[in-house]
Amino acid sequence: MRVLKWVLIGLGGLLALVLIGVLVVVWLVDPNRFKPRIERAVREATGRELTLTGDIELGFFPWLALRTGAGQFGNAPGFGSEPMVTWKQAQLGAKLFPLLRGELVADRVHVSGVDLRLVRRVDGKANWEGLGGNQPAQPSSGESKFSIDGVEIGDSRLSFVDETVPRRIVVTDFHFETDEISLGEPFTDTEVAGTLHMDGIAPAGVHFALRVPRVELPGDFSSVAVREFDAVFGPIELEGGLRGKLGAAPQLSGNVESNEFDPRSLLAAVGISAPWTTYPKALGIVKLKGDWRLDSGAIAIEPFTLRLDDSHFTGRFRRAAGDDPVALLELSGDALDVARYVPPADPASPPFTLPTAMLEALKFSGTIQLGEATYQDTRMKGVTLRLLLDEHGLHQPPETQP
């Protein structure tokens with residue numbers, strides 16, 4: 001008992017010394033003195049300029065915390081003088097005692113006011129290349145443990161300019177949040193949200209959000225499994241799940257179901273004028289539900305159900321991989337009042353045209369079967385329509401025309 005007593009006294013004294021040492025560092029050492037050393041180390045490791053304009057603060061309770069003010073990380077040579085990323089504030093903390101055991105148990109990472117600018121030049125080079133360095137990773141002498149209590153990025157902006165297309169995509173009001181992150185463990189309670197801006201959509205942008213309760217990813221990122229998710233893009237709300245293999249030729253499959261949304265509002269959100277119809281309330285409700293597959297660039301949605309106003313359809317859609325594939329669309333519906341969807345007789349009304357080159361490049365052949373179709377006073381049973389969308393627009397194939 002006497003030996004145990006002295007052992008406990010010794011451990012208590014050692015613990016007290018550690019705590020006193022940490023307190024001395026936090027209270028007496030000015031971390032801003034290390035700014036030049038930190039900036040020089042980053043410059044030597046990446047070839048980029050790191051500038052810490054805000055103050056660096058150290059905290060102790062309940063975490064050994066590091067807080068930084070504003071800063072910026074420079075761009076690669078040949079990408080201009082504008083920094084690749086700037087931020088207003090960042091905070092990272094770690095539990096002290098696991099750190100003494102060689103384990104990194106980090107507090108929640110908070111970053112705000114990020115402005116990230118990604119650029120791909122015409123020659124294919126990107127400003128994010130080379131950040132990992134060219135040195136091979138050194139083998140670890142032992143297994144280390146690493147976990148973060150979560151990550152939160154808020155009040156941020158992301159931009160991506162691809163000069164090879166060209167294309168410019170900007171996300172404002174960006175927010176990213178996830179729960180605890182541990183090596184080999186699933187991501188939980190993950191949320192991404194923002195407002196999307198790009199050519200062709202409304203100037204105000206389109207709000208989007210994605211919420212995933214659980215994402216299973218192995219350490220090599222070779223596969224993914226999401227049992228459920230819900231997403232929002234403008235007026236459309238989606239929920240479903242997915243799983244499959246990742247890599248150069250991903251193979252994914254899943255299911256998706258939408259709310260009853262207003263397609264006219266969706267078209268307006270992405271900057272497309274909805275077609276004029278004789279019946280003003282036509283194209284007022286759409287609802288989708290189906291299973292989908294993505295296999296090395298080929299995509300299939302089958303089977304799926306579609307509600308269009310008062311009409312209900314079942315069908316399938318397939319598009320093969322390749323440079324210029326023609327997709328296949330098959331629909332089978334109960335009844336459709338055709339007169340509601342034809343353009344009004346007013347010759348001054350503008351005709352509806354395919355809105356973008358992307359849609360004009362989407363070629364498909366389709367078959368629509370209707371149990372009943374009505375047009376004004378004419379009622380038809382067992383109607384079959386064959387359609388073709390190509391460089392000439394949407395029309396009937398020549399062999400089906402009278």
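This is a predicted model: local features need pLDDT of at least 70, side-chain atom pairs count only at pLDDT 80 or more; totals for chains, interfaces and linings use all residues.
Author: Residues are numbered from 1 along each chain as its sequence is written, and side-chain values use heavy atoms, with hydrogens and water left out.

Reader: What percentage of the residues in the protein chain is buried?

Author: A residue counts as buried under 20% relative accessible area, as exposed over 50%, and as partly exposed in between (1.4 Å probe, protein chains only). The protein chain has 402 residues, and the buried share of them is 32%.

Reader: How many strands are there in the protein chain?

Author: Helices (H or I, at least four residues) and strands (E, at least two) are DSSP runs, numbered from the N terminus. The protein chain has five helices, and its strands number 25.

Reader: Among contacts between residues at least 6 apart in sequence, what percentage joins residues at least 24 apart?

Author: A contact means heavy atoms within 4.5 Å. Among such contacts in the protein chain between residues at least 6 apart in sequence, the share joining residues at least 24 apart is 47%.

Reader: Which residue forms an aromatic pair with tryptophan 128?

Author: Rings of Phe, Tyr and Trp (its six-membered ring) pair if their centres lie within 6.5 Å, with planes under 30 degrees apart counted as stacked, over 60 as edge-to-face and the rest as tilted. By this rule there is one aromatic pair, which is tilted, with 6.3 Å from centre to centre and 50° between the planes. The pair links distant parts of the chain, 32 residues apart, since tryptophan 128 is in the loop between strand E9 (115-120) and strand E10 (146-148) and its partner is in strand E11 (residues 151-162). Tryptophan 128 is partly exposed at 31% relative accessibility, and the partner in the pair is phenylalanine 160.

Reader: Over the ring of which residue does the charged end of arginine 340 sit?

Author: A charge sits over a ring if NZ of Lys or CZ of Arg is within 6 Å of the ring centre and within 35 degrees of the ring normal. The charged end of arginine 121 sits in this way over the ring of phenylalanine 79, 4.7 Å from its centre. For arginine 340, the charged end lies 4.6 Å from the centre of the ring of tyrosine 279.

Reader: Which proline does a cis peptide bond join to glutamate 302?

Author: Most residues other than glycine have a negative phi, and most peptide bonds are trans. A cis bond joins valine 165 and proline 166, with omega about -5°, and proline 166 lies in the loop between E11 and strand E12 (167-178). At glutamate 302 the cis bond has omega about -15°, and its partner is proline 303.

Reader: Is aspartate 155 buried or exposed?

Author: Phi of aspartate 155, in strand E11, is near 50°, a positive value in a residue other than glycine. Aspartate 173, in strand E12, likewise has phi near 50°, and its relative accessible area of 53% makes it exposed. For aspartate 155 the relative accessible area is 58%, and the residue is therefore exposed.

Reader: With which residue does glutamate 152 meet in a salt bridge?

Author: A salt bridge is a side-chain nitrogen of Lys or Arg within 4 Å of a carboxyl oxygen of Asp or Glu, and the structure holds 21 of them. Glutamate 152, partly exposed at 24% relative accessibility, meets its partner at 3.7 Å, N to O. Because glutamate 152 lies in strand E11 and the partner in the loop between strand E7 (104-106) and strand E8 (109-112), the pair ties together parts 44 residues apart in sequence. The partner is arginine 108.

Reader: Which residue forms a salt bridge with arginine 316 at 3.0 Å between the closest N and O atoms?

Author: Arginine 316 forms a salt bridge with glutamate 302, the closest N and O atoms being 3.7 Å apart. Arg293, Glu302, Arg316, Arg318 and Glu330 are linked in a network of salt bridges. The residue with closest N and O atoms 3.0 Å from those of arginine 316 is glutamate 330.
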